[in-house]
Amino acid sequence: MIAILTEKPSVAAELAVHLGITQRKNGYWLGKGYAITWAFGHLVGLAMPEAYGIKGFKKESLPIIPDHFLLIPRQVKVKNEYKNDSRAFEQLQIINDIFERCDKIIVATDAGREGELIFRYIYHYLKCTKPFERLWISSLTNKAIAQGFENLQSGTNYDALYEAAKARNQADWLIGINATQALSIQANDGVYSLGRVQTPTLAMICKRYQEHTQFQSEVYWKIKLQHTVDGITFHTQSETSFTSKKDAQLEIDRLSISKSVVVTESNQKEKREQPPLLYDITGLQKQANTNYNLSALQTLNIAQALYEKKLISYPRTGSRYISEDMWQHIPELILSLENNELLKQHAKKLRLQKLQKRIINDDKVTDHHALLITENSPTNLTKQEEMIYQLIAARLLEAVSAPCIKEISNVKCKAQEEVFTTNGTVIISEGWRGVRGHFGQRNHQELPEIQQGTSLKIKNTALLEKQTQPKPLLTETTLLSAMENAGKTIENEEERFAIKEVGLGTPATRANTIELLFKRNYIQRQKKSLVPTQKGVQVYEIVKDKRIANVTMTGVWEKSLTDIEKGEMNVLSFQNAIESHTKQITTEILNTEIKTVQKERLQCPSCKQASVKLFPKVAKCTTDTCEWLVFRNICGKIMSEKNVQLLLNNGKTGLLKGLKSKANKTFDAYLILEPDGKTSFKFPTRK
């Protein structure tokens, strides 16, 4: 019998259909010489310090650097201890039984770093020694699956990929565990989580927030002139920014006397704007956030759903190119879009055009090519799935379309010593921009033909009051760009060159990093902007000058992991460097004096001690013998700190608005504290 292990039950079901297997058992499919079973993501992971006999959050225990990392089944936290996840443990037993009975294994977890880690950790934890082969596919279409089974790869071909994944996982454990415990010990006010990627990302958000909020805006003035030539009205604006309104008004007075300006420069040039490359997952996440305000994690999850519906290729890709041998499939994909109501007109136009081949680059296709649709036609999609599918489909058409050709006009005028300028853009050929009708920063001002030396009459003048603007707050779109291009912001030229193509985190993990910052209560949303919470700023102020927040170091690690994956770096060298860095950051944090403002503890309604402390998800009594707590998520709304105080001090919160019942109906209510410490709703009196 041959065992097949997938990452999810849904993928196992797809493979079962492909192989004609219909017999569903508890935790696996069986038939035709195969047993297809599955994981639920990471079933096995690295053990916590307690598994090594080390009691957590003790200064004398740090740094914690195991001689050998232990693998354990996935665990969940129950009160103050970790216990095996029963669902994961049961599935592991099923996998173990199948592995023991099989002759060989086909690895069908997601074809990437994390998918490889999921399988290998299970394989090693179960002490399995059966031979295994790799099913490496970039989509779940029948054609792709068939080709994958015809070209199964030796499992050892992916040893370097596993080493990179394991090195990353262990590095995150070492730095996250030690830095978190060190800071929490020093702060002595709850748990303060730090991490290899999350902390530099938090630093980016906090730094931009402080730059934005501390920015001192200054008022200045510009002069705007109106002209008409050959029946076309247009405007020019002063190059000078006047810091004095009086000086600007004096200049307007002088212009009212001269009544004209002289054209000193007039240029027209044709610009060919090349089509964009295909999406990688980060590019798709940025576009979806800009267009539809979807978070990076939402977009990743929607793309994963489309992948499992066989409508797009593997989503967790970091490449924007396809390989030469993939090009032969592109016309077929374009032809399929002639049935797409939104894109069919442009798809049909491409029949008569020469397709652009900028997207072909074998050297820049790593594990997977760029995001593509498949030949399958979408049906029964949710609204969000439809939006993401259309983005990927439209980008394919854009990427192979002709350049957008524009005529750019620039005019410079002079009145005595004052210079006035303007520019205009005329679209000669829409090219790729015609697919979605997006013309970027298109200047709709049309300029007439103006010769150098022409005297332009001033039809009207206006004084424009303006203000200097701070850098905008980061959104998920701009944060993803900042993470992707982190290496470009490094001032040291050698360091910048060393990691110029390496970002912060990987395309597949950036969404989870951002979500983790929300989970830690370090950041929050203000409309589309990301801003730090009080706790986030507090952590940033402590670590902003420490190694743990160093973007350069994190970028170097990412490059090292890529080199390990390529077989170009010895994993032992990376491990030694991480262990050394772990010791340094732990010592650095433990030697930091942290001044924290101790908040007044609230009285527990059960034990009557002043021992209630607020956490992101709960308010709970911290007395060892008392288990009182109240969840802050009340019917979909997070109870504010003020309302928790009102509940415990007065026995009643303020009116909580916009709560949602199990029937998904909205209601308003007060939360009441009962004598036994439990809570209940009290509804406002109807008028």
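**View 1. The largest cavity holds about 80 Å³ of space.** This is a predicted model, and a search through the whole of it turns up two cavities of 30 Å³ or more. Who lines the largest one? Val11, Leu15, Ala108, Thr109, Asp110, Ala111, Leu135, Ile137, Leu140 and Tyr307 do. Sort that lining by class and you get eight nonpolar residues, one polar and one charged.

**View 2. The second largest cavity comes in at about 40 Å³.** Around this cavity sit Glu251, Arg254, Leu255, Ser258, Ala415 and Gln416. Which helix gives the most to the lining of the second largest cavity? That's α7, covering residues 245–258, with four residues. By class, the lining here splits into two nonpolar, two polar and two charged residues.

**View 3. Four strands make an open sheet.** Read across the sheet, the order goes β21-β22-β23-β24, and the pairing is antiparallel. At the edges stand β21 (602–603) and β24 (629–631); each has a single partner strand, so one side of each is left without a neighbour in the sheet. As a bit of background, strands of a sheet pair through backbone hydrogen bonds, either parallel or antiparallel.

**View 4. Zooming in on β21 and β22, we find an antiparallel pair.** How many bridges join these two strands? Two bridges link β21 to β22, the strand spanning residues 610–614. For a landmark in this view, look for Leu602: it stands opposite Val612, which belongs to β22.

Conventions: Residues are numbered from 1 along each chain as its sequence is written. This is a predicted model: local features need pLDDT of at least 70, side-chain atom pairs count only at pLDDT 80 or more; totals for chains, interfaces and linings use all residues. Side-chain values use heavy atoms; hydrogens and water are left out. Two strands pair if DSSP finds at least two bridges between them. On a 1 Å grid over the protein atoms alone, a cavity is a set of points where a 1.4 Å probe fits but cannot get out, and a pocket is an open set with protein on both sides within 12 Å along at least five of seven lines; lining residues have an atom within 4 Å of a point. Grid points are joined across faces, edges and corners, and a volume is the space filled by probe spheres set on the points. Ala, Val, Leu, Ile, Met, Phe, Trp, Tyr, Cys and Pro count as nonpolar, Asp, Glu, Lys and Arg as charged, and the others, Gly among them, as polar.
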